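This report concerns the pockets of one protein model. Please examine the sequence and the structure shown below before reading on.

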Amino acid sequence: MDSEHHEEQEPAMTFLEHLEELRWTLVKSIVALILAMGLCLVFATKIMSFLQAPLFQVLEKRDQNPEDFLLSLNPVDPLTLSLQIGFFAGFIVAFPLIAYFIGSFVNPALKKQERYLLVPTFLAGLLLFIGGAAFCYCLLLPQALRFFIEWSELYGLRPQWPFTQYVGFVLQMLIAFGLSFELPLLIAILSKLGFVHSRDLGKYRRHAVVGIVIFCACVTPTSDPFTLGMMFGPMYLLYEGSILISRFIEWDRRKRLVKEGLMDDLD
């Protein structure tokens with residue numbers, strides 16, 4: 001027993017050593033972001049075609065010429081467009097590496113049994129981020145673009161959008177939905193650590209609604225109610241799903257305690 005306990009013990013890090021580890025985590029994350037930005041700049045034209053696809057899909061169904069819809073209104077628009085694609089697309093590409101670096105930073109603070117969950121948690125977070133971005137790209141973006149076009153035509157306007165504003169809107173929406181889909185994982189982690197309880201999540205549901213609205217208003221690129229509602233709906237469903245996940249984690253914990261003889265039943 002003493003030898004096992006001795007093997008599990010690791011030398012404690014000093015405060016300065018923790019700061020050094022944090023500094024290197026930030027450095028590696030920034031380097032990963034810069035490299036991803038450079039990679040995205042190399043493929044900027046292909047990324048631009050990818051970002052235009054939802055709009056072109058809507059316009060072709062309406063028998064409108066996609067080539068005449070997006071405009072360049074400023075001599076520096078190509079530079080601005082390249083920087084937008086480089087930064088936002090670079091963040092999406094670098095996100096898995098940044099998440100891995102953060103996980104490596106917190107790894108020494110975890111217990112042995114918690115470290116086994118680090119890789120599954122990382123993979124789950126990556127899949128949720130990709131799933132949120134894909135959900136936005138495939139389902140919500142075409143509907144949102146169609147709504148804004150028809151809304152403009154309702155006032156007798158001919159919608160034509162600057163390239164930079166369109167690209168910024170699409171990339172921010174993809175990132176916002178990718179991050180919002182991390183909500184179940186975040187609540188699952190907090191529930192696993194005992195910081196939140198499913199009963200409290202249900203009890204403070206109305207407070208959560210306000211928090212979700214504030215979050216959506218902060219991360220969506222526009223302040224219109226339609227865009228905010230598009231994000232609020234999926235996030236609220238994710239919150240309700242997180243309550244079920246939290247209940248399952250608590251049930252599994254009670255089941256394990258019963259098996260170990262620390263609880264009488266699963267009630």
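Which element gives the largest share of the lining of the second largest pocket? That share, six residues, comes from α6. The model is predicted, so-called local features need pLDDT of at least 70, side-chain atom pairs count only at pLDDT 80 or more, and totals for chains, interfaces and linings use all residues. Residues are numbered from 1 along each chain as its sequence is written, and side-chain values use heavy atoms, with hydrogens and water left out.

A pocket is an open set of points on a 1 Å grid over the protein atoms alone, where a 1.4 Å probe fits, with protein on both sides within 12 Å along at least five of seven lines; lining residues have an atom within 4 Å of a point. A volume is the space filled by probe spheres set on the points.

| Largest | About 1300 Å³ | 39 residues |

In the largest pocket, Thr-121, Phe-122, Leu-185, Leu-186 and Ile-189 are the lining residues closest to the centre. Elements giving two or more residues to this lining include α4 (77-106), α6 (118-154) and α11 (225-259); helices are DSSP runs (H or I, at least four residues) numbered from the N terminus. Nine residues, the largest share, come from α6. The lining holds 31 nonpolar, five polar and three charged residues, where Asp, Glu, Lys and Arg count as charged, Ala, Val, Leu, Ile, Met, Phe, Trp, Tyr, Cys and Pro as nonpolar, and the others as polar.
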